[in-house]
Structure formats: structure tokens, C-alpha cells
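Let us take a friendly walk through a protein chain, starting with a single residue and ending with the whole fold. Keep the picture at hand as you read.

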Amino acid sequence: MNVLQRWPEPVVRVQSLSESGIEAIPDCYVKPIMDRPSVDVEESNEVNIPVIDLSGINSDDAALRKATLELISDACREWGFFQVVNHGVSHQLMAETQKVWREFFHLTVEEKQKYANSPETYEGYGSRVGVVKGARLDWSDYFFLNYLPVSSRDENKWPSQPSTCRELVAKYNEEVLKLCGKLMKVLSINLGLQEDYLENAVGGDQIGASLRVNFYPTCPQPDLALGLSPHSDPGTLTILFPDDHVFGLQVRKNDGWVTIKPIHNAFIVNLGDQLEVLSNGNYKSIEHRVLVNSLKERVSLAFFYNPRGDMVIEPADQLIMKDDPTQYQPMTFDEYRIFIRTKGLHGKSQVESLKSFG
């Protein structure tokens, strides 16, 4: 069976819809009124997630190191998101990798269809997630690939065109993985744990990692659609490299949404559900969504740093106190993904469900 036939409905590439010149989007992309981006949006030029200079953690100045750790700690507890600059990843590598993915999405449909994905793994070129017939869809296409464990990595499934794509993706993933390791140590220290605690708790050198490249074509009715529906990330940590020439990512803050203003050459760090669990709720996994634009397309790269599938994730013993008991039920990462999928959970309801699960 052709991989496209494994989906419950015919697969329509959003980019093809956008480039067809339609003036009204199909009904399946129209979000319910209360989920539309024109509703309940907190717009302010004064509000943005924290921007942190990561070079401070290696400074010879003890005061600066301490201040940098505190900034990261506050961001994890109050926002669950922050941007990092001077993070150690080559700016040239970042730009070239984003450029090659933009070029991929502008290849012919026939070339991209060689990598069409199936609902069994999602690996490859896709335009929807989930197999529910009649579902409300997001206005985006994507390419998803596995990186770790090495046994799951198949570079033959990565695009061979443009010709530099595979090489750049391999280098990019390697460098972003190093950044994840650096951040995990900082997050452990800020909880009063050994610096390698969190990394070991999610699998050590056997963690999972993957890359999802999102392509958000222009949309004729951006007030009715979303590039990605509200959700929190189920894994440990997400490192997002956004387009910085057009805003799109929004994070939930109190009862509204805050639009993130990307900093040039910065990464957006997003804490996932598993970090909220491991920290016993000290760190927050926050709901977020993506807007679309009528004039400009966007390409963003989301690197997911996830636990090993069979690792039982539960709050660290050191963080369980009489006045702060265990809030979350132990569960392996594989069990958690199945649980939220079968329950149809998303956003805040995902991790909150672990408080009542049993």
C-alpha cells in the first residue's frame, strides 16, 4: 500500500493550497471560534520571554555565573520558555541549515513526495498528525526525522536534495545535542541536584532525539487558522530555531497569549512535560501555539530531546517534601505518549493528567 493511502483521508499539502491562489481556506482548517488567534490574545511590545546570555555560565566572574543561573531558574519556573544567545552553536551552521530546509520545501511536489510519511512513524514529509477522520487540521507542512538513539536513525530517509541537506542536518543535530546537554546540567544545578541528575533520569547516553522542521505557508485567512494548535511538548526539552523575520510562536501566560519576538541567532528553549514531572512542578511545561501569516511564509526547526522510551519518569526524591509531596504519577515516556494520545489530551491537560492518573 502506498504510504499516502495509510492516512484516513486524502493527504493535501498545505503549501499546494497556499500556492493555488485560494481566497478562502477549506473548512477543515478553520478553528472553532474560541480557538482562533483573534480571540484572547495578549499583545504587548513590553512583554517577551526572558533572553539569556548563556556565556555567563562559563564566566570567570562568580557573580555573573550566579546571576545567569538565577535568570534561567526564574525563566523555568515562571515561563517554561526562554531565549538563549551566545549558546555555542555556529550562526553560519544555523543559517545554512534553515536555508537548505527552505529550499527543500520549494522543491517540486514530486521530489518531496519521495519522502511522504505514514501515520505509523510520522518520519518524513507530512501535512497532518493524527488519524481521526474529520479532524480540524493545522495550516502547516513538516519534515520529521529521527536522530537518537542511533538505531532509529536512517539518513537515507533524510532529503538527498538539496545536495547539502543531509550533511548540514547531521552537523546541526550534533551541535544542538551538545547545547541540550549543557542546559540539562544547568537545570539540575538550579534544582539543587547533582549536575548529571536530570540527564541520567531521562536515559543518559541512551536518550531519544528527533528533528521536526515546520513549514508555514502564507494563509489567506490567518485569523481563522493556526500553524500549530495549542499544546505542550510531551518530552524533556525542545530547542527551537525560528524564523526571526516574522513572528508566529505564542505562549500561554495567565489567561492570554504572548507573542514571542525572536532574537537574531538565538534559540528558543521550551521545557517539556517530563521536566515538569522530574522537578515535581518547580519547572513549568507551558502550552503554546503558532500563528500563520497572510504575507510571509515561515520555516522553523524544532529539536526534541526526549527520555528513553522505557525510562520511568517521576519526581526526584530530593524534591519531595512534607509541604511539597509528590504531584505526579510515575510513568514511562512510552506509556505517557500512548496515554495522552488515547485520551486525546493536549496542552495543560497533558501533564496535569498525571496528577490524577492511577
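Y122 counts as partly exposed because its relative accessibility is 23%; here buried means under 20% relative accessible area, exposed over 50%, and partly exposed in between, with a 1.4 Å probe and protein chains only. This is a predicted model, in which local features need pLDDT of at least 70 and side-chain atom pairs count only at pLDDT 80 or more, while totals for chains, interfaces and linings use all residues. Residues are numbered from 1 along each chain as its sequence is written, and side-chain values use heavy atoms, with hydrogens and water left out.

You can find Y122 in the loop between α4 (109-113) and β3 (124-126). Helices (H or I, at least four residues) and strands (E, at least two) are DSSP runs, numbered from the N terminus.

N254 also has a positive phi without being glycine, with a value near 55 degrees. This residue sits in the loop between β8 (249-253) and β9 (256-259). N254 counts as exposed, because its relative accessibility is 67%.

| Residues joined | Omega |
|---|---|
| L148 and P149 | about 0 degrees |
| Q161 and P162 | about -5 degrees |

P149 lies in the loop between β4 (141-148) and α5, and P162 is found in the loop between β4 and α5 as well. T164 belongs to the loop between β4 and α5 too, and at 38% relative accessibility T164 counts as partly exposed. How far apart are T164 and N282 in space? Their C-alpha atoms are 42 Å apart, and 118 residues separate them in sequence.

## A closer look at helix α2

Helix α2 covers residues 62-78, and its 17 residues should span 24 Å at 1.5 Å a residue; the end C-alpha atoms are 24 Å apart, which agrees. The expected span is 1.5 Å times one less than the number of residues.

Which residues of α2 are buried? They are T68, I72, S73, A75 and C76. They lie on the same side of α2, because they cover an arc of only 165 degrees around the axis, taken from the directions from the helix axis to the C-beta atoms. The face turned away from this buried side carries the exposed residues A63 and K66.

The buried residues of α2 pack against β1 (51-53), β2 (81-85), α5 (165-190) and β10 (267-271). At the N-terminal end, D61 caps α2, with a side-chain oxygen 2.9 Å from the backbone nitrogen of A63. After α2 comes G80, whose phi is positive, near 75 degrees.

## The whole chain

Stepping back, the protein chain has nine helices and 14 strands. Its C-alpha atoms fill a box of roughly 60 × 45 × 45 Å along the principal axes. With 358 residues, a compact globule would have a radius of gyration near 21 Å, and the 20 Å of the protein chain agrees. That radius is taken over C-alpha atoms, and the globule rule is 2.2 Å times the number of residues to the power 0.38.

Buried residues make up 52% of the 358 residues. Among contacts (heavy atoms within 4.5 Å) between residues at least 6 apart in sequence, 78% join residues at least 24 apart.

How values were computed. Polar contact = N/O pair within 3.5 Å; in protein donor to acceptor, adjacent residues only side chain to side chain.
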